[in-house]
Amino acid sequence: MTASVSTALLTDRYELTMLDAALHDGTASRRCVFDVFARRLPGGRRFGVVAGTGRLLSLLRDFRFGDDELRFLRDERVVDAQTLRFLEEYRFTGSIHGYREGELYFPGSPLLTIEGTFAEAVILETLALSVLNYDSAVAAAAARMSIAAGDRPLAEMGSRRTGEWSAVAAARAAFIAGFGATSNLEAGRRWGIPTMGTAAHSWTLLHDTEADAFAAQLRALGDQTTLLIDTYDIETGVDTAIRVAGTGLGGVRIDSGDLPIVAAQVRRQLDSLGAHDTRITVTSDLDEFAIAALAASPVDAYGVGTALATGSGSPTAGLVYKLVARQDAGGAWIPVAKTSTAKASLGGRKTAFRILEHGIAREELIVVTEGFEHTETPTLPSNARALQIPLVAHGEIDAAAEGPGGVSAAREHHARVRAELPLTALALSRSEPALETAYQTG
């Protein structure tokens, strides 16, 4: 079995310099509460989608400072000998609560609440944000595309448009938010996502004729494969495809042209040739707006690459990691908050609920308490759905959120909670968040 690779240096230097100073001034052992949240939703979107939680928990398992990591920190004089000794024994022993993966969120929603000493919690900031910001951005874009596509299936194919490991993360996030397959084989192996793929234009160009390329693909993959018909002339490509494959051909793919017009022409041509059940898949730089524009077109499936892997114009979810409560020198708990203009945060421990009316979400309610422990149960409407679950308890990670099982559970949860949205939340145009965030003192 391959040894795990440490994730401890996927960290900004200032986290370790703060740790170093805190160990010297005696504040490192103070108990703290950090929140991960978004001040606003990017791109005028109406909801966000939590994604990356299961990945983050797995990466937290490997957040260990081994000999190589410690040697680097010593050689680069990042921290002193005392801090190196602390890091050598580092294990996160705190607790993390958060929204279920696949859940929707809104401005101020506490996606994660990290509780522990300052020393053990502060150095998780970069890891948590790098995972959740990217994965949640992709998931939000994927959800919008899924809404635009309706019942038509979507395949993720953005691996060539992002970093090699970002591609695996993007496939996972897209699957959680409604896509049905990915072209990325590592994502299929690691997360249990169905994989798909047939041939590119190079396959057709390799052969002496388009008919030769189609025939070879059919011999290899069977007549339910999808033939790429726009390497040369689309009309000729359709004729050749049906002549070689017969009217039982599974599908054709269009990767260029004015897609609404071309798709209609291809459908008419297929029907005229008797290939009534041959499906049409379109690709070619699709985003949620292009998919929506194809709603009335005779398209059966979509393949999405660049826009998905880059968050469709919003490559980060804009999440932040902020200290919201801490112990003072005497052990008493106090809320703390940043008050900078346009970057203010809200101090105190938070418990989040979704308020529903007849099964439809109407409000995000956040109950704020100043103490570390909940002293009493807040008074809530009977139609309030609790949003947070335990993810890490005293250093023990809930394995149910990890691996293929965690991905499947997140996908199912996302489908359930998206069905709670009011119809106005499904619009693609820029607007205010679909739900208002209300605060209540606990």
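User: In which segment is the place of Val5?

Analyst: The model is a predicted one. Val5 has a relative accessible area of 66% and is exposed. As for its place, Val5 belongs to the segment before α1.

User: How many helices and strands are there in the chain?

Analyst: The chain has 442 residues, of which 52% count as buried. Along the principal axes, its C-alpha atoms fill a box of roughly 85 × 55 × 35 Å. Its secondary structure comes to 15 helices and 19 strands.

User: What share of the contacts with a separation of 6 or more comes from residues 24 or more positions apart?

Analyst: This share concerns the contacts in the chain with a separation of 6 or more. Residues 24 or more positions apart account for 76%.

User: Are helices α1 and α4 roughly parallel or roughly perpendicular to each other?

Analyst: Helix α1 covers residues 13-25 and helix α4 residues 81-88, and their axes are 9 Å apart. The helices pack at an angle of about 105°. Angles of 65 to 115 degrees count as roughly perpendicular. Therefore α1 and α4 are, to each other, roughly perpendicular.

User: Which residues of α4 make the contact with α1?

Analyst: From α1, the contact takes in Leu16, Leu19, Asp20, Leu23 and His24. By class, the contact of α1 with α4 has five nonpolar, three polar and one charged residues. The α4 side is made by Gln82, Thr83, Phe86 and Leu87.

User: Are α2 and α6 roughly parallel or roughly antiparallel to each other?

Analyst: The axes of helix α2 (residues 53-61) and helix α6 (residues 125-149) come within 9 Å. They cross at roughly 155°, and angles over 145 degrees count as roughly antiparallel. α2 and α6 are therefore roughly antiparallel.

User: Which residues of α6 does α2 meet?

Analyst: α2 passes α6 in a right-handed crossing. On the α2 side are Thr53, Arg55, Leu56, Leu59 and Leu60. By class, the contact of α2 with α6 has seven nonpolar, one polar and two charged residues.

User: Which are the edge strands of the open sheet of six strands?

Analyst: The order of this sheet is β7-β6-β11-β10-β9-β8, with parallel pairing. An edge strand here pairs on one side only. The edge strands are β7 (181-182) and β8 (226-228).

User: What is the bridge partner of Ala155 in β11?

Analyst: Strand β6 (residues 154-156) pairs with strand β11 (residues 301-304) in the parallel sense. Three bridges make up this pairing. In β11, Ala155 has as its partner Gly303.

User: At roughly what angle do the axes of α11 and α12 cross?

Analyst: Helix α11 spans residues 234-245, and its axis comes within 10 Å of that of α12. The crossing is right-handed. The contact is made by Ile234, Glu235, Val238, Asp239 and Ile242 of α11 and by Val262, Val266, Gln269 and Leu270 of α12. The axes cross at roughly 35°.

User: How many bridges join β14 to β15?

Analyst: Both strands belong to an open sheet of four strands with the order β16-β14-β15-β19 and mixed pairing. β14 (residues 349-357) and β15 (residues 360-369) run antiparallel. In β15, the bridge partner of Leu356 is Ala361. The number of bridges is nine.

User: Which residue takes a positive phi in the hairpin of β12 and β13?

Analyst: Strand β12 (residues 319-327) pairs with β1 (residues 31-38) in the antiparallel sense over seven bridges. Three bridges join β12 to β13 (residues 333-335), and these two run antiparallel. Their hairpin has five residues between the strands. The residue with a positive phi, near 95°, is Gly331.

How values were computed: Residues are numbered from 1 along each chain as its sequence is written. This is a predicted model: local features need pLDDT of at least 70, side-chain atom pairs count only at pLDDT 80 or more; totals for chains, interfaces and linings use all residues. Side-chain values use heavy atoms; hydrogens and water are left out. Axes are lines fitted to C-alpha atoms, for helices over the stretch in contact, and angles run from 0 to 180 degrees between N-to-C directions. Angles under 35 degrees count as roughly parallel, over 145 as roughly antiparallel, 65 to 115 as roughly perpendicular and the rest as oblique. Contact means heavy atoms within 4.5 Å. Ala, Val, Leu, Ile, Met, Phe, Trp, Tyr, Cys and Pro count as nonpolar, Asp, Glu, Lys and Arg as charged, and the others, Gly among them, as polar. Two strands pair if DSSP finds at least two bridges between them. A crossing is left-handed if the near helix is turned anticlockwise from the far one by less than a right angle, and right-handed if clockwise. Buried means under 20% relative accessible area, exposed over 50%, partly exposed in between (1.4 Å probe, protein chains only).
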